[in-house]
Amino acid sequence: MSRPRPIVPNVTYLLTRRCIERRFLLTPDPEGAMERIFGYCLALTSAKYGILVHASVTLGNHWHLVVTDVKGNLPAFLRDTHSFIARCVNIRRRRCENVWDVRQPSAVRLADTGAIWDKLVYCLTNAVSSGLVASHRAWPGFHTMPDAIEYLPKVYRRPPQYFASGSAAPEEAELVVTKPPALAHLSDDEYVSTLKRRIAAKESELQRKARATHKPFLGIPAVQAQDPHSQPRTPQSRAEINPQVAASDPATRRAHLSLLADFRRLYAKARAKWSEGKRTVRFPYGTYQLFHFHSVPVMAAPT
């Protein structure tokens, strides 16, 4: 059971979800079917739940998203997005087992602009840092581009997997990519040029490292030739590292971790009383599941 965390509006996150047993079930195919699945499902659910998409990439066995949860709907957004994608992937791969790792998705709160820039670059260069291609632009799988905000939203047609021809889901869905609200003070040109510059610097560093260690990038043909049911040869780390907050300023990170600890303390106290039958106990602001599914009283938002 995952530990409780506050779900409140207008929080920016780095989201990560891995495939079960790290299998390459999401490997991009030459036909572009996997890109269509991810683009359509993300466009559909982000619009439904008021999620602002800032950056995204799908590798063979995991995907990353940088988003802002405007309305405090993150759990419902993750539930539906991963459910739709999993159903489509299983049909595409002709399987019926779990697609996602049994652990909950990682949701790291980005507490300042430094962390937001860092995770935008991390997300968009992930295929390069994983040793797959030398440039983010070369990645054949689903990914957003750093200058996507300057163009019209990309339109994805409904994938035939899972969504039947008579489905209530729309035939097309537009994926809107935006600037993070914390960077809204920048013009579109300033934002894009800064992001491109940071990506170029990171990719140059990764390319130098590849040359120095004599480890060439895998390349597109080899990526697309991977068996989707296989998994990496490297052993999986047993460390259960699950960061909750990222910030470039240590004091900001400590402050947010302190607030998270306060929330969990108040939540545990209220949950104990609620379990004793005291149904009037008030839970801390940001309580999500018990509020939405059991209508527990919740404290007012702090002013």
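Biologist: What should I know about the numbering and the cut-offs on pLDDT?

Modeller: This is a predicted model, in which local features need pLDDT of at least 70 and side-chain atom pairs count only at pLDDT 80 or more, while totals for chains, interfaces and linings use all residues. Residues are numbered from 1 along each chain as its sequence is written, and side-chain values use heavy atoms, with hydrogens and water left out.

Biologist: How many residues has the largest nonpolar core?

Modeller: First the term. A nonpolar core is a set of buried Ala, Val, Leu, Ile, Met, Phe, Trp, Tyr and Cys residues joined through side-chain atoms within 4.5 Å. Buried means under 20% relative accessible area, exposed over 50%, partly exposed in between, with a 1.4 Å probe and protein chains only. Here the largest core has 41 residues. L15, F38, F77 and W100 have the most contacts inside it. Two or more residues come from each of β1 (11-18), α1 (33-49), β2 (51-58), β3 (62-69), α2 (74-93) and β6 (172-175). These elements are DSSP runs numbered from the N terminus: helices are H or I of at least four residues, strands E of at least two. Another core, of 29 residues, lies apart from it and includes L110, W117, I149 and Y191.

Biologist: Which residues does F77 touch?

Modeller: Contact means heavy atoms within 4.5 Å. Leaving out residues up to four places away in sequence, F77 touches L15, L42, T45, S46, Y49, I51 and L65.

Biologist: What about helix α7?

Modeller: Its residues are 250-275, 26 in number; they should span 38 Å, and the end C-alpha atoms are 37 Å apart, which agrees. An α-helix has 3.6 residues a turn, so residues three or four places apart point the same way. In α7, the buried residues include H256, L260, F263, R264, Y267, A270 and W274. Their cover includes β4 (106-110), β7 (245-246) and α8 (289-294). Just after α7, G277 takes a positive phi of about 100 degrees.

Biologist: How are F38 and F142 paired?

Modeller: A pair of aromatic rings is described by the distance of the centres and the angle of the planes. Rings of Phe, Tyr and Trp (its six-membered ring) pair if their centres lie within 6.5 Å; planes under 30 degrees apart are stacked, over 60 edge-to-face, the rest tilted. A search of the whole structure finds seven aromatic pairs. F38 and F142 form a stacked one, 6.3 Å centre to centre with 25 degrees between the planes. F38 is in helix α1, F142 in the loop between α4 (126-129) and β5 (154-157), 104 residues apart. Both are buried. Ring pairs also link F38, W63, F142 and Y156 into a cluster.

Biologist: Where is L26, and is it buried or exposed?

Modeller: L26 is in the loop between β1 and α1. It is buried, with a relative accessible area of 1%. L26 and H62 are 36 residues apart along the chain, with C-alpha atoms separated by 7.3 Å.

Technical notes: Expected span 1.5 Å × (residues − 1).
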